[in-house]
Amino acid sequence: MSDARGQPQTRTVSAPGNAKQTADSEDEAAVATKQAAGRQSGRANGNGKAAGGSNGARGPVKGRFVSDVIVELGFVSRAIVDAAVEQARAEGTTPEELLIQQGALTPDQLARAIAARYELEYFDLQERKPDPNALNLIRPEDAKRFQAVPVGFEGDDVVTVAMANPRDIVTLDDLKLLIRRDVKPVVASRDDIQALIKKMSSTVELGTEQAEEEAEELEEAFGELRETAADSPVVRLVNQILQQAIEEGASDIHFEPEESELKVRFRVDGVLREVSTIQRKFVASAISRIKIMANLDIAEKRVPQDGRVSLNVDGHEIDVRVVTMPSVRGEGVVMRILDKEKALIGLDKLGMSPRNRQRFEESFKRPHGAVLVTGPTGSGKSTTLYAALNELNSPDRKIITIEDPVEYQLPGVNQLQVNLKAGLTFATGLRAMLRADPDVIMVGEIRDAETAQIAIESALTGHLVLSTLHTNDAPSAITRLTEMGIEPFLTASAVVCVVAQRLVRMLCVHCKERTILTVDALRAAGYHAAFDIEAYEPVGCKQCGGSGYKGRTGVHEVMLMSDEIRELTVERASADQIRKVAIEQGMRPLRDDGFEKVKQGITSIAEVARVAA
């Protein structure tokens, strides 16, 4: 077998006090044969030195040449290595460099061989994330000069440093003086180290106005806050966390205070996971740095604050919403990452089935009426509405939105921000919008009876109204409006379509495996199945961070308002009665839409059961 990077699949064996040793799956006889061949080559490799004993990939390899270890690990054949040894002698280089140039050996395989040869730990930078506190110990230019990067800690006094050449004693001594701690080398691929240094050198820049305001506020700050100058460790630390979050596709960053540190968690594909901790000495400065970036009061730690910051990360425009939360353990922060490019999402990216998309598109392209999108918080309702607005956005239409907050700024669309302190609510904003001659109105959320009444009346007076509701399914949106005090005959006349949706994680295309879902398993998940079906299940690999999932897509149910459903609405029928008729008329329920995605290999049965139970 081979892993996602094309290498022989290996397992790792750890021994107390030693580095991890790589072990292949060959039997003992094959290993013994390789050892014998290696000893003969060691005596006759032209260097005039015996290679010494070895127990192959399963034990110590002291006294062996790296080229012999490469053979023992099964990366390259003995014949090719011997030829490289002879050629290297003539050309004044190393056999390992020649093998890489020839494409016979990868830098990652060389790193594994060096780690095994010198009994050091192999540190896979693509699979394991470096500790931001460690990266923060040196500047990017120093890492580039040394071709070494601090990646972790062993206790309080030892820093783990990833190197391609751990035999470079001079570099190790220089690093020890620079970091002012003992250093322990671990081996990483040369290419991975260079890629990490490049990330360290990437820039996170504030918008011009925000940068000027921050500079002025920093001049007024004092003590520990002065170290938030552009080149300070705390600035690099916060920037590294932001960059890592953006690279991993996180939607939120949570800074959560503990007794002696600040826990950092990312929400990726809707699921929170811990990524690192910020050491106690940096906690106050890190929180202050974030608050200054978002133009918040750095002295106020007793009440929640919220702000916004625009960032440019390597030329990529990012908006970040910042909320501070005081707690008994200290002040925490949540940063919501809003990628401006996601506001331009098209209908084809929503994950709608062809039939659902057709029904939805026909609804919002009508000249008037109300189109509602329902679901819990975080189910992608706003994204669906933005996709519809992008389709409608043209010079011959006047589009106005009122949102709380305005998550994405759309060119050509007039967007209002709810401001409760100034008296601008959804209801007051909606009334003002109607006097501005709009063709299309988008209300971020119908929260109260007044907003619902104005939205329904607007749909009846020649406007197309798009909005969201918090209900579990599409039929429940009709009964919810009635509960909010809207006359059923108005709802029946105004509403054109209701879309209910959830977001499910998609299986990682690099590691998902085929499986058979038995009748019993399907029935346990709530499906009345008569036969087993073929599907896929999550596994976990480097590309998906070991979760087995990468990215999210939507599952939907699209209910059109037919004459029969309008009659039921006027009669104040229950949501279950409306649902029964809607299904008979072609609405596919959420769970059934999710099940189709399971059969297509897009997601797993467990994921559908999780979000659409």
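This is a predicted model: local features need pLDDT of at least 70, side-chain atom pairs count only at pLDDT 80 or more; totals for chains, interfaces and linings use all residues.

Student: Fine. How many helices and strands does the protein chain have?

Tutor: The protein chain has 23 helices and 21 strands.

Student: And what share of the residues is buried?

Tutor: Of the 613 residues in the protein chain, 51% are buried. The accessible surface of the chain is about 28800 Å², and carbon and sulfur atoms account for 49% of that.

Student: What about contacts, how many link residues 24 or more positions apart?

Tutor: Counting contacts in the chain with a separation of 6 or more, 61% are between residues 24 or more positions apart.

Student: On to the spaces. How much space is in the second largest pocket?

Tutor: About 870 Å³. Its lining has 33 residues, and those nearest the centre are Gln126, Lys129, Lys199, Gln244 and Glu248. Two or more lining residues come from each of helix 6 (132-135), helix 9 (190-201), helix 11 (233-247), strand 9 (271-279) and strand 21 (549-560).

Student: Why does that pocket lie between domain 1 and domain 2?

Tutor: Because domain 1 (106-205) and domain 2 (210-223 + 231-339) both contribute residues to the lining of the second largest pocket.

Student: How do its lining residues divide by type?

Tutor: The lining of this pocket has 14 nonpolar, eight polar and eleven charged residues.

Student: Now cavities. How many are of 30 Å³ or more?

Tutor: Two. The second largest cavity has a volume of about 30 Å³.

Student: Which residues line that second largest cavity?

Tutor: Ala370, Leu372, Ile446, Ala455, Ile456, Val465 and Ser467. By type, this lining has six nonpolar residues, one polar and no charged. Strand 13 (369-374), helix 16 (449-460) and strand 17 (464-469) each give at least two residues to the cavity lining.

Student: Last topic, isoleucine 602. Where does it lie?

Tutor: Isoleucine 602 is in the loop between helix 22 (590-599) and helix 23 (605-611).

Student: What is isoleucine 602 in contact with, beyond its neighbours within four places in sequence?

Tutor: Isoleucine 602 is in contact with Arg505, Met506, Leu507, Thr553 and Lys597. Arginine 505 is 97 residues away along the chain, and the C-alpha atoms of this residue and isoleucine 602 are 8.6 Å apart.

Methods: Residues are numbered from 1 along each chain as its sequence is written. Side-chain values use heavy atoms; hydrogens and water are left out. On a 1 Å grid over the protein atoms alone, a cavity is a set of points where a 1.4 Å probe fits but cannot get out, and a pocket is an open set with protein on both sides within 12 Å along at least five of seven lines; lining residues have an atom within 4 Å of a point. Grid points are joined across faces, edges and corners, and a volume is the space filled by probe spheres set on the points. Helices (H or I, at least four residues) and strands (E, at least two) are DSSP runs, numbered from the N terminus. Ala, Val, Leu, Ile, Met, Phe, Trp, Tyr, Cys and Pro count as nonpolar, Asp, Glu, Lys and Arg as charged, and the others, Gly among them, as polar. Domain bounds come from an automatic or database domain assignment. Buried means under 20% relative accessible area, exposed over 50%, partly exposed in between (1.4 Å probe, protein chains only). Contact means heavy atoms within 4.5 Å. Accessible areas come from the Shrake-Rupley method with a 1.4 Å probe; for residues, only the protein chains shown count as cover.
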